[in-house]
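These are my notebook entries on a single protein model.

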Amino acid sequence: MNRDGNRALRTLMQEVYIGEAEARAVLIKIDYPVGSIPKFGTADTFWPPVLSILDAKVESGTIKLLKATAEDY
């Protein structure tokens, strides 16, 4: 994904999943390893590191996250 796409995805996740419970739930839904989910401070600090390694942790993770988000909303 290009820089603009990364920024757009990060912004979307920060705006849609602003709370810890919702953020953790969507990651668990896409089979993100529970033990790899970082501590949640704010959505602004949580999502950038998660998204930077998402595809390494979950096969087709970005696509799965976008689909899960579409299903939720």
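**Entry 1: Confidence**

I began with pLDDT, the predictor's confidence in each residue on a scale from 0 to 100. The mean pLDDT of the protein is 94, and 93% of its residues reach 70 or more. This is a predicted model, in which local features need pLDDT of at least 70 and side-chain atom pairs count only at pLDDT 80 or more, while totals for chains, interfaces and linings use all residues. Residues are numbered from 1 along each chain as its sequence is written, and side-chain values use heavy atoms, with hydrogens and water left out.

I then compared the elements; helices (H or I, at least four residues) and strands (E, at least two) are DSSP runs, numbered from the N terminus. Helix α2 (residues 20–29) has the highest mean pLDDT, 98, and helix α1 (residues 3–16) the lowest, 87.

**Entry 2: Salt bridges**

I searched the whole structure for salt bridges, that is, a side-chain nitrogen of Lys or Arg within 4 Å of a carboxyl oxygen of Asp or Glu. The search finds two.

One of them pairs K29 with E71 at 3.3 Å, N to O. K29 lies in helix α2 and E71 in helix α4 (residues 61–72), so this contact ties together parts that are 42 residues apart in sequence.

D72 and K29 also form a salt bridge, at 3.0 Å, N to O. This pair links helix α4, where D72 sits, to helix α2, which holds K29, across 43 residues. Through shared partners, K29, E71 and D72 are joined into one network.

I next checked accessibility, with buried meaning under 20% relative accessible area, exposed over 50%, and partly exposed in between (1.4 Å probe, protein chains only). K29 is partly exposed at 42%, and D72 is partly exposed at 38%. E71 is exposed, at 58%.

**Entry 3: Helix α4**

Which residues of α4 are buried? They are G61, T62, L65, A68 and T69.
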